[in-house]
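Have the structure open as you read.

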Amino acid sequence: MTEVLRGLLVGASLLVTMQAGAADGGDDSRQRVEMPAQAVELLRAEMRAHTLALAEVSGLLAEGRFEEAAAAADAGIGFGSMGQQRGNPDAPGRHMPAAMHRLGIGMHDAANQWSEAIRSGDGKRIFAGYQAVMNACVSCHMAYRVR
């Protein structure tokens, strides 16, 4: 079961990456969000950190380390990862349109719900939670761009 889970999680992550890359093609209809260069760099760093957290959670799930995986989801993708730039005038959230900001908060909320599913150990709930996080990521990346 754990190898299947790991393979599916890795495959889904690759699909998200490919979809996001496809959106960078010639006909890009995503809304361009104007941000200061520093805010763009902070946003990109946050996105990379979320990607690393997804990989960490996937690896821990594959090893059957559910409590650690849930904690990593909370801290790295969930509400535990929010607010790190709160006092910074270049914080990315300050420059996002309201709908984009809501999508981001929805992703963090989905990650916290995913961590609850992970703690349950129920494979169907874990997959559904992972899908909710991925849907939130894809929705935002397919709707908005900063460059």
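## A pair across the chain

Arg 147 has a relative accessible area of 52%, so the residue counts as exposed. Keep in mind that this is a predicted model. Arg 147 forms a salt bridge with Glu 41, and their closest N and O atoms lie 2.7 Å apart. The two partners come from distant parts of the chain, 106 residues apart: Arg 147 sits in the segment after strand S2 (144-145), while Glu 41 belongs to helix H2. Glu 41 is partly exposed, at 37% relative accessibility.

## Other salt bridges

The count of salt bridges comes to 8. One of them joins Asp 28 to Arg 30, with 2.7 Å between the closest N and O atoms. Here Arg 30 is buried at 12% relative accessibility, whereas Asp 28 is partly exposed at 22%.

Another salt bridge pairs Arg 32 with Glu 34, at 3.6 Å between the closest N and O atoms. Arg 32 is partly exposed at 39%, and Glu 34 is exposed at 58%.

## Where H2 meets H5

How do helices H2 and H5 run relative to each other? Their axes cross at roughly 165° and come within 13 Å, and the helices are therefore roughly antiparallel. The crossing is left-handed.

Helix H2 brings Met 47, Leu 54 and Leu 61 to the contact, and H5 brings Ile 126, Tyr 130, Val 133, Met 134 and His 141. Of these contact residues, 7 are nonpolar, 1 is polar and none is charged.

Terms used. Residues numbered from 1 in each chain as written. Predicted model: local features only at pLDDT ≥ 70, side-chain atom pairs only at ≥ 80, totals over all residues. Heavy atoms only, no water. Axes fitted to C-alpha atoms, helices over the stretch in contact; angles between N-to-C directions. Helix = DSSP H or I, 4+ residues; strand = E, 2+ residues; numbered from the N terminus. Parallel < 35°, antiparallel > 145°, perpendicular 65-115°, else oblique. Left-handed = near helix turned anticlockwise from the far one by under 90°. Contact = heavy atoms within 4.5 Å. Nonpolar A, V, L, I, M, F, W, Y, C, P; charged D, E, K, R; others polar. Salt bridge = Lys/Arg side-chain N within 4 Å of Asp/Glu carboxyl O. Buried < 20%, exposed > 50% of the residue type's maximum accessible area, 1.4 Å probe, protein only.
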